[in-house]
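Here is a short tour for a reader meeting this protein for the first time. Keep the sequence and the 3D view at hand.

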Amino acid sequence: VVVPHSNVGRLLSSTAHWYRFDGHDVWPLFHSFAFDVSVWEIWGALLHGGKLVVVPHATTRAPADFLRLLAEERVTVLNQTPSAFYQLMAADREHPELGDRLALRYVVFAGEALDLGKLADWYERHPDGAAGGPTLVNMYGITETTVHSSFLALDRELAAHAPGSAVGVAIPDLAFHVLDEDLRPVPVGAEGELYVAGPGVARNYAGRPGLTAERFVACPFGPPGARMYRSGDLVRPLPDGGLEYLRRSDD
């Protein structure tokens, strides 16, 4: 996937009003360089003058050791796939002396569907953002739209009552279009495929013109020459303007 450097810069600037990252933040580089979330981890820290802690590979596979690292390094911005965070929650439950020392401001989820109901275990031991604890954020994303595409700040009540895997609203400089097979917008509550438009859309698949033409398509909702990415993800528009992720169209 060919992604210009400028796409990463606009990702951080377009989300700055939500996070307000600064030089006091500490980020762990938890993920492999081969996973796009590592781009967010590296440049989220360095472009704000923060500290980037490179996590040893063995520690990424040992939730209790990673929890200890988070406490000792005073990490403030943690990025996790939901499945990794579920394991970290178990370690937090088994080692409350470490959980009590955490300095987290944000936990950002990406990479796979988040089961909001499973977060109840975390909220039993930690207050949500409004009460002085870390804010948990669900960010749906696609490599072809530069790591993250949506934002949904969670709290205890929302995690308990939100439908399915709610992913929130598009990042301000992106546009979500939920369309049927004829590229017509679907009504609220109906199922459709998600298309993403805006400056986060990648250029192409390197050396694969056929796949590029199939996935990076003309956007009928923008100016001449505008493109959108066909995600292959089925979603449902919600009354609040957000989206609920359902499944892959090829499942």
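## Salt bridges

Glutamate 73 is partly exposed, because its relative accessible area is 29%, and the cut-offs for that class are 20% and 50%. This is a predicted model. The side chain of glutamate 73 meets that of lysine 51 in a salt bridge, with 3.1 Å from N to O. Glutamate 73 sits in the loop between helix H5 (63–72) and E3, while lysine 51 belongs to strand E2, so the pair ties together parts that are 22 residues apart in sequence. Lysine 51 is partly exposed too, with a relative accessible area of 42%.

A second salt bridge joins arginine 68 and aspartate 65, at 3.4 Å from N to O. These two residues are 3 apart in helix H5, so about one helical turn separates them. Arginine 68 is partly exposed, at 32% relative accessible area. Aspartate 65 is partly exposed as well, at 39%.

## A link between distant strands

Arginine 230 and glutamate 193 also meet through their side chains in a salt bridge, 3.1 Å from N to O. Here the pair links distant parts of the chain. Arginine 230 lies in strand E11 and glutamate 193 in strand E9 (residues 192–197), 37 residues apart. Arginine 230 counts as partly exposed, at 31% relative accessibility. Glutamate 193 counts as buried, because its relative accessibility is 10% and buried means under 20%.

The whole structure holds 15 salt bridges. Some are joined up: Asp92, Arg93, Asp121 and Arg125 are linked in a network of salt bridges.

## Helix H3

Helix H3 spans residues 37–46. The helix is mostly covered, with 7 of its 10 residues buried. Those buried residues are Val37, Ser38, Trp40, Glu41, Ile42, Gly44 and Ala45. Their cover includes helix H1 (5–14) and helix H2 (16–19). Strand E1 (26–29), strand E2 (51–54) and strand E3 (77–80) are also among the covering elements.

At 40% relative accessibility, tryptophan 43 counts as partly exposed. Trp43 forms a nonpolar patch on the surface together with Leu46 and Leu47. The accessible area of these three residues together is about 310 Å².

Strand E12 (residues 243–248) pairs with strand E7 (residues 165–170). The two run in the antiparallel sense, over 3 bridges. Serine 165 has tyrosine 245 of E12 as its bridge partner.

E12 is also joined to strand E11 (residues 227–237), by 5 bridges. That pairing is antiparallel. Aspartate 233 has arginine 248 of E12 as its bridge partner. E11 and E12 form a hairpin, with 5 residues between the strands. In this hairpin, glycine 241 takes a positive phi near 95°.

## Two domains

The protein is divided into domain 1 (5–170) and domain 2 (175–248). Their centres, taken over C-alpha atoms, are separated by 26 Å. The contact takes 18 residues from domain 1 and 18 residues from domain 2.

How values were computed:
Residues are numbered from 1 along each chain as its sequence is written. This is a predicted model: local features need pLDDT of at least 70, side-chain atom pairs count only at pLDDT 80 or more; totals for chains, interfaces and linings use all residues. Side-chain values use heavy atoms; hydrogens and water are left out. Two strands pair if DSSP finds at least two bridges between them. Helices (H or I, at least four residues) and strands (E, at least two) are DSSP runs, numbered from the N terminus. Patches are made of residues with over 30% relative accessible area and no salt bridge: like charges are joined within 9 Å, nonpolar side chains (Val, Leu, Ile, Met, Phe, Trp, Tyr) within 5 Å. Accessible areas come from the Shrake-Rupley method with a 1.4 Å probe; for residues, only the protein chains shown count as cover. A salt bridge is a side-chain nitrogen of Lys or Arg within 4 Å of a carboxyl oxygen of Asp or Glu. Buried means under 20% relative accessible area, exposed over 50%, partly exposed in between (1.4 Å probe, protein chains only). Domain bounds come from an automatic or database domain assignment. Contact means heavy atoms within 4.5 Å.
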